[in-house]
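Biologist: Hi! Could you walk me through this one?
Modeller: Happy to, let's bring it up.

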Amino acid sequence: MVNVSTKIHPNGLKYLAIDSPLCQATIFFQGAQITEFTPKNSHPLLWVSSADDHQAGNGIRGGIPICWPWFGQHAKPSWPQHGFARTRLWSLSQVNVTDQSVQIQFDLPLSEQDKQCWPHDSQVSVLFSLSDSLKVSLINHNLGEHPFELTQALHSYFPISDIHRTRVSGVKGAQYIEFSEGPFPQEEDEVHFTKETDRVYTQLAQTQCIHTPNGTIRVAREQSASAVLWNPWIDKSIRLGRFNPDDYLQMLCLEAANVLEDKVVLQAGESHTLSTEISWLKN
Ligand SMILES: O=P(O)(O)OC[C@H]1O[C@@H](O)[C@H](O)[C@@H](O)[C@@H]1O
């Protein structure tokens, strides 16, 4: 039995609660932000800070914020970091239930205010495919007659329970820029965490594994040659909004992206789909 119901958070934000034989999930209309995905009889695959109060107008600190139509700081400093999509209300356009999965699609209606910083004739949608894994696809269409380009990311927050006993594999051979320096070649097989980490990887293989004390999370990407690996560590945790000072011990972001030379360039009529699929690796 699959149950998809619309609910209202005590702070007013509307969300979908999904309960299926394969998983349980929560997706907020604001930002089309999934904040909970737990395969049945398993651990949660997404992390949310207990410091987040789910206020309208703020992206929720956790789950998968959608960074669109730019990633990071815009050249115009007054424009919001990571774009505007994560704080906008998306509209639910599809709920499709099959034996294998629940598919849920949201579209982003662009307001006159949004069009001032995104003046392109375009459509962006996000499709969630929920089974015992979670696949998130961010779909961009160029509906106009002129090319445009964008950067974007599915800013996934993973629960790792102890950053000191967490490592990430599947990175060797890529290169990364960190704190505006690089590119550096990734020579080690794995990344371990002993300090603030904020790497933008390019030329990255399609699958990484996050090895945690609770098991291994597999993170696969499609139409994405770049990804961001982020843990704020001690000092930045204190500065971050909607984040507890010791949250850095329990979370890690590995964000499927199209950034730097991997940005998306869409000619008239073209489409592009950035996807990430996450699951617990079965032994
Ligand atoms: O606080 P925000 O805007 O959600 O950003 C969180 C982090 O997002 C990461 O993707 C960036 O690489 C970090 O530099 C940034 O601090």
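Modeller: Keep in mind that this is a predicted model.

Biologist: Nice. How many bridges hold strand 14 and strand 15 together?

Modeller: Three, and the pairing of strand 14 (residues 175–178) with strand 15 (residues 181–185) is antiparallel. Opposite Tyr176 you'll find Phe184 of strand 15.

Biologist: Which residue of strand 17 is the bridge partner of Tyr176?

Modeller: That is Tyr201. Strand 14 pairs with strand 17 (residues 197–202) over four bridges, in the antiparallel sense.

Biologist: Remind me, what do strands of a sheet pair through?

Modeller: Backbone hydrogen bonds, and the pairing can be parallel or antiparallel.

Biologist: On to the annotations. Which residues does UniProt list for "active site"?

Modeller: The UniProt entry, which is unreviewed, lists His155 and Glu255. They are spread over 101 residues of sequence, yet they cluster in space, with a largest C-alpha distance of 4.5 Å.

Biologist: Is His155 buried or exposed?

Modeller: His155 counts as buried because it has 23 C-beta neighbours inside 10 Å, and the cut-off for buried is 20 or more. His155 lies in the loop between strand 11 (152–154) and strand 12 (157–159). Leaving out residues up to four places away in sequence, His155 touches Ile64, Pro65, Cys67, His82, Cys253 and Glu255.

Biologist: Where is Glu255 found, then?

Modeller: Glu255 is in strand 21 (residues 251–258). Glu255 counts as buried too, because 27 C-beta neighbours lie inside 10 Å. Beyond four places in sequence, the contacts of Glu255 are Ala153, Leu154, His155, Ser156, Ala227 and Val228.

Biologist: What surrounds the ligand?

Modeller: The residues around the ligand are Gln81, His82, His155, Asp198, Val228, Trp230, Leu240 and Glu255. By class, that shell has three nonpolar, three polar and two charged residues.

Biologist: Which residues are listed for "binding site"?

Modeller: From the unreviewed UniProt entry, they are Arg61, Gln81 and Arg86. Those residues span 26 residues of sequence but cluster in space, the largest C-alpha distance being 13.8 Å.

Biologist: Why does Gln81 count as partly exposed?

Modeller: Because Gln81 has 13 C-beta neighbours inside 10 Å, and partly exposed covers counts between 12 or fewer for exposed and 20 or more for buried. Gln81 lies in the loop between strand 5 and strand 6 (91–97). Gln81 touches Gly72 and Gln73, not counting residues up to four places away in sequence.

Biologist: And where does Arg61 lie?

Modeller: In the loop between strand 4 (33–39) and strand 5 (66–67). Arg61 counts as buried, because its C-beta neighbours inside 10 Å number 23. Among the residues Arg61 touches beyond four places in sequence are Asp52, Arg242 and Phe243.

Biologist: Great, thanks for the tour!

Notes. Residues numbered from 1 in each chain as written. Predicted model: local features only at pLDDT ≥ 70, side-chain atom pairs only at ≥ 80, totals over all residues. UniProt positions renumbered as here; feature names shortened; annotations may be inferred. Helix = DSSP H or I, 4+ residues; strand = E, 2+ residues; numbered from the N terminus. Contact = placed C-beta atoms within 7 Å. Near = placed C-beta within 6 Å. Nonpolar A, V, L, I, M, F, W, Y, C, P; charged D, E, K, R; others polar. Pairing = 2+ DSSP bridges.
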